[in-house]
Amino acid sequence: MPNIKNLEMGATILSHADISVQRSFFGMRQSAVYQPTQSAVKAERYEFSPEAGAKVEKLLKCTPEQLEQERRSGTKIEKTQLGNVLLEACVSDDKQFAALQLFRYGNLKYNPVTDVQIYEGDNAALISSFFQ
């Protein structure tokens, strides 16, 4: 599991008004907490094939109503061990906060495809359900 501060979108997440950083073990360990629910925020990285990456990009551009329709239609997104599309995700343990950013590999580095997308409440639970 990656550390939030090591993500490309780490600074954006840690500067969000509802995220606080708590230090423990003599300040050597940091954890992010979603303040409205006091839930820990964990970072993940998922890799996808180009086809699955296109599905992820489509999901990140959907409205909440369209996301619900995609969920009801059974949209599945297969992760891969080594893909050229990378999704950085920060999701609270209670699924009430989610931040996602999509990258595509090119020119020997991952380049952002989307801006950081932040979801809260039921929308966060909905979008995170596609990546569990």
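**Exercise 1: A loop residue**

Asn107 has a relative accessibility of 75% and therefore counts as exposed. The model examined here is a predicted one.

Task: State where Asn107 lies in the chain, and describe its phi angle.

Solution. Step 1: Asn107 belongs to the loop between S5 and strand S6 (109–112). Step 2: The phi angle of Asn107 is near 55°, which is a positive value in a residue other than glycine. Step 3: For comparison, most residues other than glycine have a negative phi. Step 4: Gln38 also has phi near 55°, again positive in a residue other than glycine. Gln38 is placed in the loop between strand S2 (29–34) and S3.

**Exercise 2: The chain as a whole**

Task: Determine how many helices and strands the protein chain has, and in which pattern they follow along the sequence.

Solution. Step 1: The protein chain contains four helices and seven strands. Step 2: Read along the sequence, these give the pattern α-β-β-β-α-α-β-β-β-β-α. Step 3: The radius of gyration of the protein chain is 15 Å, close to the 14 Å that the globule rule gives for 132 residues, so the chain is as compact as a globular protein of that length. Step 4: The C-alpha trace spans about 45 × 35 × 20 Å along its principal axes. Step 5: Among contacts in the protein chain with a separation of 6 or more, 61% are between residues 24 or more positions apart.

**Exercise 3: Ser39, buried or exposed?**

Task: Decide whether Ser39 is buried or exposed, and identify which residues it touches.

Solution. Step 1: Ser39 is found in strand S3. Step 2: The relative accessible area of Ser39 is 7%; buried means under 20%, so Ser39 is buried. Step 3: Leaving aside residues up to four places away in sequence, Ser39 touches Ala32, Val33, Tyr34, Ser92, Asp93 and Asp94. Step 4: A polar atom of the Ser39 side chain lies 3.1 Å from the backbone nitrogen of Asp94.

**Exercise 4: A pair of rings**

Task: Classify the ring pair of Tyr46 and Phe131, and explain which parts of the chain the pair ties together.

Solution. Step 1: A pair of aromatic rings is described by the distance of the centres and the angle of the planes. Step 2: Four aromatic pairs are counted in this structure. In one of them, the ring centres of Tyr46 and Phe131 are 6.4 Å apart and the planes stand at 15°, so this pair is stacked. Step 3: Tyr46 lies in strand S3 (residues 39–48), and Phe131 in the segment after helix H4 (122–128), so the pair ties together parts that are 85 residues apart in sequence. Step 4: Tyr46 and Phe131 are both buried. Step 5: Ring pairs link these two residues and Phe48 into a cluster.

**Exercise 5: The nonpolar cores**

Task: Name the residues of the largest nonpolar core that touch the most other members, and the elements that give two or more residues to this core.

Solution. Step 1: The largest nonpolar core has 22 residues, of which Phe48, Leu87, Ile127 and Phe131 touch the most other members. Step 2: Two or more residues of this core come from each of S3, helix H2 (50–60), strand S4 (85–92), strand S5 (97–106) and H4. Step 3: Leu87 has contacts that include Tyr46, Phe48, Val56, Leu100 and Phe131. Step 4: A second, separate core of twelve residues includes Met9, Ile19, Ala43 and Cys90.

Definitions and conventions. Residues numbered from 1 in each chain as written. Predicted model: local features only at pLDDT ≥ 70, side-chain atom pairs only at ≥ 80, totals over all residues. Heavy atoms only, no water. Phe/Tyr/Trp six-rings, centres within 6.5 Å; stacked < 30°, edge-to-face > 60°. Buried < 20%, exposed > 50% of the residue type's maximum accessible area, 1.4 Å probe, protein only. Polar contact = N/O pair within 3.5 Å; in protein donor to acceptor, adjacent residues only side chain to side chain. Contact = heavy atoms within 4.5 Å. Core = buried A, V, L, I, M, F, W, Y, C linked by side-chain atoms within 4.5 Å. Rg over C-alpha atoms; globule rule 2.2 N^0.38 Å.
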